[in-house]
Amino acid sequence: MTEERAIPAAEAGAFLTVDLGALADNWRLIRDRSGAVECAAVVKADAYGTGTEAAVPALAKAGCRTFFVAHLGEARRVRAIAQDATIYVLNGLLPGTEPVYRALALRPILGSAGEIADWAEFAAQTQDAPPAALHVDTGMNRLGLSVDEGLAMAGALPFAPALLMSHFTSSEEFGAAATTAQIAAFQRLREAYPGVPASLANSSGVFLDPAPGLDLARPGYALYGGNPTPEALNPMRPVVRLEATIIQTRDVPDGTLVGYNGRWIARGPRRLATLCIGYADGYPRTASAADAKIASGVEAGVALVGGVRCPFAGSVSMDLIILDVTDASAEAARRGARAVMIGDDLDIDEVGKRAGTVGYEILTSLGRRFARRYIGG
Ligand SMILES: *Cc1c(COP(=O)(O)O)cnc(C)c1O
């Protein structure tokens with residue numbers, strides 16, 4: 001693990017604030033709403049970009065005892081700060097890594113006959129192997145045993161699984177047929193594994209009506225402020241705020257070509273501000289504002305300057321974004337002032353949509369050049 005250098009605020013081009021109080025509130029809201037016996041937290045990808053070393057203790061303090069990560073390396077980091085926690089590794093068992101699971105008391109999530117055979121052999125040799133979970137694929141066709149394999153293996157497994165789990169493909173879509181089919185398949189599996197704790201719901205799964213409940217809820221995105229119900233108002237508190245410094249302003253006449261390849265042309269005299277943030281900071285280049293794209297009805301990026309929505313002008317560059325601040329006050333759009341890239345009226349779901357992606361990718365791409373500040377811890 002590389003130690004990140006703290007960037008002094010006066011030297012930073014952009015500022016990331018992570019609200020750990022909001023993170024804890026979100027976990028409690030989901031715990032209460034889930035109808036599950038226990039509520040875990042998914043903290044893969046550096047706790048969705050918010051920082052494992054800050055997020056995990058905040059969640060543990062709120063009462064979270066079970067964490068899910070994707071990689072073994074992530075599990076090591078969680079174990080270092082949460083000695084008593086139950087830690088599951090979603091991406092399964094890589095060949096030869098069994099001793100690491102044992103040494104750090106981590107739980108693999110097994111999803112293929114090969115993984116199960118390797119783990120069974122290891123467990124037979126060592127006696128004190130940690131418990132393992134079983135992942136059954138009820139529709140994603142990505143990771144896990146097929147439903148038929150899962151049913152066939154019931155009763156024939158050489159060890160008792162600690163958890164039976166599956167993952168939704170479309171739980172954020174209201175009334176998705178896929179969700180109904182996955183719940184039905186998972187119900188058959190549960191009956192084949194009596195007494196084994198079950199886990200199905202991700203963030204959006206928790207907000208299904210009725211929620212699948214079960215033994216363990218497995219939210220990620222919503223903990224970090226993402227909207228688990230994209231077709232309705234976001235019930236979660238925002239966790240991440242990103243601001244970027246205005247480093248120059250200029251007035252340009254009608255017809256001025258702006259940014260790489262001149263893809264954005266000033267319609268009338270405009271005032272532009274250049275921000276100290278770019279795609280090297282994880283702000284997607286796909287949020288670029290090109291005239292051709294705007295004409296075809298595709299949305300481009302925006303930022304808030306003094307509370308006013310200001311559109312991007314031209315391409316997102318590696319280290320810079322140009323903003324059309326004509327509608328903002330001169331005071332709010334001065335050199336040294338900050339534009340809000342994520343926060344207030346501009347949430348991660350909208351930022352993702354305007355970049356042609358999802359808020360998940362915005363969070364997990366958050367860059368390494370920000371001055372990071374944690375509040376509410
Ligand atoms: C990432 C992940 C989750 C969390 O999903 P969110 O939509 O972020 O709540 C849960 N389960 C599995 C298997 C995952 O990969």
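The model is predicted, so local features are given only at pLDDT of at least 70 and side-chain atom pairs only at pLDDT 80 or more, while totals for chains, interfaces and linings use all residues. Residues are numbered from 1 along each chain as its sequence is written, and side-chain values use heavy atoms, with hydrogens and water left out.

The secondary structure of the chain consists of twelve helices and 20 strands; helices (H or I, at least four residues) and strands (E, at least two) are DSSP runs, numbered from the N terminus. The radius of gyration is 23 Å, close to the 21 Å that the globule rule gives for 377 residues, so the chain is as compact as a globular protein of that length. That radius is taken over C-alpha atoms, and the globule rule is 2.2 Å times the number of residues to the power 0.38. Along the principal axes, the C-alpha atoms fill a box of roughly 75 × 45 × 35 Å.

Of the 377 residues, 53% count as buried. Buried means under 20% relative accessible area, exposed means over 50%, and partly exposed lies in between (1.4 Å probe, protein chains only). The accessible surface of the chain comes to about 17000 Å², and carbon and sulfur atoms hold 53% of that surface; accessible areas come from the Shrake-Rupley method with a 1.4 Å probe, and for residues only the protein chains shown count as cover. Among the contacts with a separation of 6 or more, 67% are between residues 24 or more positions apart, where contact means heavy atoms within 4.5 Å.

Helix H1 covers residues 20-34. Its 15 residues reach 21 Å from the first C-alpha to the last, close to the 21 Å expected at 1.5 Å a residue; the expected span is 1.5 Å times one less than the number of residues. The buried residues of H1 include Leu-20, Leu-23, Trp-27 and Ile-30. After H1 comes Gly-35, with a positive phi near 70°.

Helix H6 spans residues 113-126, and its 14 residues reach 20 Å, close to the 20 Å expected. In this helix, Glu-115, Ile-116, Trp-119, Ala-120, Phe-122 and Thr-126 are buried. Seen down the axis of H6, these buried residues fall within an arc of 165°, so they line one face of the helix; the arc is that of the directions from the helix axis to the C-beta atoms. An α-helix has 3.6 residues a turn, so residues three or four places apart point the same way. The face of H6 turned away from the buried side carries the exposed residues Glu-121, Ala-124 and Gln-125. The partners against which the buried residues pack are helix H5 (98-103), strands E6 (107-110), E7 (133-137) and E8 (145-146), and helix H7 (147-153). Gln-127 follows H6 and has a positive phi, near 65°.

Most residues other than glycine have a negative phi, and most peptide bonds are trans. Ala-47, not a glycine, has a positive phi of about 50°. Ala-47 lies in helix H2 (residues 44-48) and is buried at 0% relative accessibility. Asn-141 likewise is not a glycine and has a positive phi of about 55°, but Asn-141 is placed in the loop between E7 and E8 and is exposed at 71% relative accessibility. A cis peptide bond, with omega about 0°, joins Asp-209 and Pro-210. Pro-210 belongs to the loop between helix H9 (203-206) and strand E11 (216-217).

Two buried loop residues complete the picture. Ser-170 sits in the loop between strand E9 (163-165) and helix H8 (177-192), with a relative accessible area of 11%. The side chains of Ser-170 and Thr-169 are joined by a polar contact of 2.7 Å. Such a contact is a pair of N or O atoms within 3.5 Å; within protein, one must be able to donate a hydrogen and the other to accept it, and residues adjacent in sequence count only if both atoms are side-chain atoms. Phe-370 lies in the loop between helix H12 (359-364) and strand E20 (371-375) and is buried, with a relative accessible area of 5%. Leaving aside residues up to four places away in sequence, Phe-370 touches Ile-7, Ala-14, Leu-16, Leu-242, Ile-277 and Asp-281.
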